Amino acid sequence: MTWIILIIFIGLLAEGAALYPQRNIISYEQSILASKICMGALILTLTLMVGFWGIVAQDHDAYINAYNSFNGYSFYDIFDNVTDLLAKQAIGMELGYNVINVLGHYLNLKAPLFLTLTALFVNTCVVKFIYNYPHPVLSLFFLLSMNFFLQEANLVRQILAMAIFILSIRPLLEGKWKSYLLLIFVATLFHTSAIILSLLVLFEFVRTKNAQAIAYYSLIGIWAISIMVMFGIVSFDIASIFIDSSYSIYAVDDNGIGMEVSFMNIAFHNIVAIALLLCYKTLKVKSKIFYYAVILITVSCINISYAFPNFFRFATYFSVIFFVFAIYLFSKSEKWRFGVYSIPILALQIYCSLRLLLFFVIEDNIFGSKSYSLNDLL
């Protein structure tokens, strides 16, 4: 019952945050104000959901302990003791994350409140991003149904890097590739693996038809190989890529950290990819190849995760923009339309509703294994 009430409340805020020109109940200026209020309340609600009830897996306690390990550090240690902060990177704690931990102690924040504030930053980036695209409410509820928001207190460093990556999308689409690379560099200060995202800048220079064709078929090739890895037709020693690395867990072939590598999830992402590939030639969208790169790279990571479940963490970087971009492309496509309605988007709405019904309404037991009270945060 708790989740039913919460989902309805989030839905009302999400609808209120969306600006619909056809609504003439109040003036446009009042609509903008109401939208901003609802968006702020939505961001706050999602953040408090993380702060009090977020799902916590094995990484959560590690982040609490890591934060507490900075007890006694002063603000000036950021400048005077950089060597020590860098030394912590050897155990998987990047410099940027160490710096904000020091700042948290400088502000006398308790560990749960510190993690809640990181979630506030992430949710602000995510919500503002999805409301720049069509069907933001659907995108938001897809993320909720996939437990994205409830993992923010667990995959803290990577989620922060992902939020910075989201901030870099607009500069890249506007052709500001230097700004994009700068933001990706900042993201690597929170999770080193974000460096791989710098390769996406190559799609900024894919402008001629021949270059776009090469990129398009190369992406299909990568996706096809990932399917062969999934079915065991192609095998490789993924552990050798991460040898002597703090990210060697990505090569572990068990699902010990609870990532969602289920048949339903893998099938869903591949069906979306196939449907979008069938729309490719009819779509007239600026920077189309970049959108397709995100879609096919995400699906490829998820396919590989069938053999190496922890590899799913790479897909985390694309978890937000995958849904936003897929819905955006379907909304621009003239394929599979029934009048003014897009059949793929209707299908996505049905699938999203089924996930919410199954995992939040019927089970209603998805609250975290460790919840916090107001006293814990303050």
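Modeller: Take helix 12, residues 263-279. Its 17 residues should span 24 Å at 1.5 Å a residue, and its end C-alpha atoms are 24 Å apart, which agrees. The expected span is 1.5 Å times one less than the number of residues. Helices here are DSSP runs of H or I with at least four residues, strands are runs of E with at least two, and both are numbered from the N terminus.

A word on the source. This is a predicted model, where local features need pLDDT of at least 70 and side-chain atom pairs count only at pLDDT 80 or more, while totals for chains, interfaces and linings use all residues. Residues are numbered from 1 along each chain as its sequence is written, and side-chain values use heavy atoms, with hydrogens and water left out.

Now the buried residues of helix 12. They are Asn265, Ile266, Phe268, His269, Asn270, Val272, Ala273, Ala275, Leu276, Leu277 and Cys279. Buried means under 20% relative accessible area, exposed means over 50%, and partly exposed lies in between (1.4 Å probe, protein chains only). Cysteine 279 counts as buried because its relative accessibility is 0%.

What covers these residues? The cover includes helix 8 (136-145), helix 11 (209-230), helix 13 (288-304), helix 14 (312-315), helix 15 (319-332) and helix 16 (343-362).

Start with helix 15. Alanine 326 is found there. Its relative accessibility is 3%, so alanine 326 counts as buried. Leaving aside neighbours within four places in sequence, alanine 326 is in contact with Val272, Leu276, Ile295 and Ile321. Contact means heavy atoms within 4.5 Å. Two of these partners, Val272 and Leu276, are among the buried residues of helix 12.

Next, the rings. By the pairing rule the count comes to 23 aromatic pairs. Rings of Phe, Tyr and Trp (its six-membered ring) pair if their centres lie within 6.5 Å; planes under 30 degrees apart count as stacked, over 60 as edge-to-face and the rest as tilted. Phenylalanine 268 and phenylalanine 323 form a stacked pair, 6.3 Å centre to centre with 25 degrees between the planes. Phenylalanine 268 lies in helix 12 and phenylalanine 323 in helix 15, so this pair ties together parts that are 55 residues apart in sequence. Phenylalanine 268 and phenylalanine 323 are both buried.

A second pair links helix 13 to helix 15. Tyrosine 291 and phenylalanine 325 are edge-to-face, 4.5 Å centre to centre with 80 degrees between the planes. Tyrosine 291 lies in helix 13 and phenylalanine 325 in helix 15, so the pair ties together parts that are 34 residues apart in sequence. The relative accessible area is 6% for tyrosine 291 and 0% for phenylalanine 325. Tyr291 and Phe325 also belong to one aromatic cluster with Phe129, Tyr133, Phe290 and Tyr328.

Last, the wider setting. The largest nonpolar core has 112 residues, and Phe129, Tyr131, Phe142, Val320 and Phe325 touch the most other members. Such a core is a set of buried Ala, Val, Leu, Ile, Met, Phe, Trp, Tyr and Cys residues joined through side-chain atoms within 4.5 Å. Helix 9 (residues 156-173) supplies the largest share of this core, twelve residues.
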